Amino acid sequence: MELFARAKVVRLKSHHDKFLYADEDEVHVTQDRNGASPNARWTVEAVPHGGATGAVRLRSRYGRYLTASNEPFLLGMTGRKVLQTAPARPDSSVEWEPVRDGFQTRLKTRYGHFLRANGGLPPWRNSVTHDVPHRTATQDWVLWDVEVVQVLTPGPERAESAPVTMPESPPAPELRDPPPPRHRSSKSYAAPPPQPPPTLEPEKVEARPEPRLNKLVSSDSFSAPLHKVEGRAIHYYIADDLGNVDDGTEGHSFIFNGSNLEELAHKLQEETGLDDIIICTRSPITGKLTPLRLQLPPNNAAMHIVLVQESSKVVKTFPWPYGS
């Protein structure tokens, strides 16, 4: 990709307006809003014999490479960890192929996975993995804005140019005697009669085939859904600092068409405008709040949930990774 071909140092900005960040422990890779930090800068190295793919290596400020590891991020999930490593002999795990997508870029591994900036609730929030995006809701999470911090300067052999020589002026033309005048023949010829202008026949217009429908068509053409989607009803309340919900507080409801907890969290963030929320269920017996972690109830059953902000005191009573 031509953008990386002329870049020496870059910043990569995710769909969440956060930068790819080399953690201070020199092992982990996260997302952070501080784009001015040196930890958000990555040195670009072209892969020798990369061919037409233009694969690159990205090196952090600690001299360690951005690496697509085989270690799962969470057991049972498809995403795998992205780390900083310093292999003795760099292999394909540190090679990333830039794939242009409009004005943005996808970074693909040799095995078809893409560098992905995750969102949602902990432990997904601010994490970075490599995966194959299957759901439409997370397609944008593999798109990155490339900001060139330092441009690659050409080497000495490119900087040195050949001396410029000015072309010599052409010699002045020699003066020659004009050619002798031609003698006209004594015979005279009558001028041919004027010809009538040619008649223009109507131009034959070949029938053109009707234009084919472009692949990129307006979304208005497909306003009708392809199939009916049966969603589930979500009823939620926002708790206070101690996890309590006032009896006079009116709850909120909406129809959710997603299939997993991650999509529900994203939808609730849009509904409430809050980023730091934890989805909880309340025990009908003890009344205690329990964070919802694994999956949604089956058969699109309606859900009654309570939202707690991460900064609330009640979070300290939750089990790991939320509480102490």
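Strands, and helices likewise, are DSSP runs numbered from the N terminus: a helice is H or I with at least four residues, a strand is E with at least two. With that convention, Tyr-65 is placed in strand E6. Before going further, please note that this is a predicted model, in which local features need pLDDT of at least 70, side-chain atom pairs count only at pLDDT 80 or more, and totals for chains, interfaces and linings use all residues. Residues are numbered from 1 along each chain as its sequence is written, and side-chain values use heavy atoms, with hydrogens and water left out.

Let me stay with Tyr-65. Is this residue buried or exposed? Tyr-65 is buried, at a relative accessible area of 13%; buried means under 20%, exposed over 50%, and partly exposed in between, with a 1.4 Å probe and protein chains only. Setting aside neighbours within four places in sequence, Tyr-65 is in contact with residues including Glu-45, Leu-58, Leu-83, Pro-87 and Val-94, where contact means heavy atoms within 4.5 Å. Glu-95 is 30 residues from Tyr-65 along the chain, and their C-alpha atoms are separated by 9.1 Å.

Now the overall composition. The protein has three helices and 17 strands, and 33% of its 324 residues count as buried. Of the contacts between residues at least 6 apart in sequence, 57% join residues at least 24 apart.

I turn to the cores. A nonpolar core is a set of buried Ala, Val, Leu, Ile, Met, Phe, Trp, Tyr and Cys residues joined through side-chain atoms within 4.5 Å. The largest one has 22 residues, and those with the most contacts inside it are Phe-4, Leu-20, Leu-58, Leu-66 and Leu-115. Helix H1 (2-5) and strands E1 (7-13), E2 (19-22), E4 (42-46), E5 (56-59), E6 (65-72) and E10 (114-117) each give two or more residues to this core. E1 provides the largest share, three residues. Apart from this core lies another, of 16 residues, among them Ile-234, Tyr-236, Phe-256 and Ile-305.

Next, a sheet. Which strands form the open sheet, and in what order? Five strands do so, in the order E14-E13-E17-E15-E16, with mixed pairing; two strands pair if DSSP finds at least two bridges between them. Strand E14 (252-256) and strand E16 (289-291) are the edge strands, each pairing on one side only. From one strand to the next, the twist averages 40°; axes are lines fitted to C-alpha atoms, for helices over the stretch in contact, and angles run from 0 to 180 degrees between N-to-C directions. E14 and strand E13 (residues 232-238) pair in the antiparallel sense over five bridges, and Ile-234 has Phe-254 of E14 as its bridge partner. Helix H3 (residues 261-272) lies across E13, E14, strand E15 (277-282) and strand E17 (303-309), and runs at about 110° to E15.

Finally, some loop details. His-113 lies in the loop between strand E9 (104-108) and E10, and a polar contact of 3.1 Å joins its side chain to that of His-130. A polar contact is a pair of N or O atoms within 3.5 Å; within protein, one must be able to donate a hydrogen and the other to accept it, and residues adjacent in sequence count only if both atoms are side-chain atoms. In the loop between E10 and strand E11 (128-131) lies Pro-123, and the peptide bond from Pro-122 to Pro-123 is cis, with omega near 5°.
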